[in-house]
Amino acid sequence: MGVLGKVVDGILLLTFVSMSVVPACLDAQVLLPKALFPDVLGRVYSWYTTTYQDYLLLDEPHFFMALMKLELVLVLPLAILNTYGLLTSKPWFNTTCLIFGSALVTSTTAMVGDMLGSDKPSAGKLASMYSPFIGFGFLAILRGLLSESPNASKTMANGPTSALKKKA
């Protein structure tokens with residue numbers, strides 16, 4: 001993998017780590033009882049929502065709550081798996097990276113779309129904070145689609161029947 005590939009993997013690693021920490025520590029507070037979280041995380045959540053006036057977290061619209069559930073059930077586990085898969089060069093990484101990117105682009109686009117159509121004063125600032133994750137999602141999709149695993153390139157070089165010949 002060339003320099004560009006290493007840069008992409010570095011960006012994705014930071015994305016995976018942030019998407020492993022933020023949903024578990026902050027976004028989960030929208031869905032789960034506050035008593036489950038340490039006071040420091042509650043203070044960080046309160047600071048963020050009041051400082052940035054994140055109306056999605058403050059108003060809790062139904063579509064956003066559904067997206068938060070998706071984030072906790074699908075995106076968070078995939079971010080953790082992708083961190084592990086990227087660091088250990090697992091062969092399934094491309095598949096989970098593709099799924100992660102698709103889920104991230106879909107959910108973030110819905111949130112940014114709501115922000116851009118909103119008349120809330122904080123919407124523009126929030127959209128500029130959330131929008132980069134659409135790009136990170138597309139980067140994950142491209143990484144999942146365009147990268148070959150080392151085993152795939154060996155199989156293609158030897159031809160599709162080489163694996164069958166070895167068994168015989």
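**Cores and surface**

Mentor: A nonpolar core is a set of buried Ala, Val, Leu, Ile, Met, Phe, Trp, Tyr and Cys residues joined through side-chain atoms within 4.5 Å, where buried means under 20% relative accessible area. In the largest nonpolar core here, which has 18 residues, the members that touch the most others are Phe64, Met111, Met115 and Tyr130. Two or more residues each come from α2 (39–52), α3 (55–59), α4 (62–88), α5 (93–116) and α6 (123–130), helices being DSSP runs (H or I, at least four residues) numbered from the N terminus. This is a predicted model, in which local features need pLDDT of at least 70 and side-chain atom pairs pLDDT 80 or more, while totals for chains, interfaces and linings use all residues. Residues are numbered from 1 along each chain, and side-chain values use heavy atoms, without hydrogens or water.

Trainee: Which residues is Met115 in contact with, leaving aside its neighbours within four places in sequence?

Mentor: Contact means heavy atoms within 4.5 Å, and on that basis Met115 meets Tyr55, Leu56, Ala123, Leu126, Ala127 and Tyr130. A second, separate core of 14 residues includes Val75, Leu86, Phe93 and Ala140.

Trainee: Does Val3 count as buried or exposed?

Mentor: Exposed means over 50% relative accessible area, with a 1.4 Å probe and protein chains only; Val3 counts as exposed because its relative accessibility is 67%. Val3 is found in helix α1 (residues 3–31).

Trainee: What can be said about residues 63–85?

Mentor: Over residues 63–85 the chain is 100% helix and 0% strand, with the end C-alpha atoms 31 Å apart.
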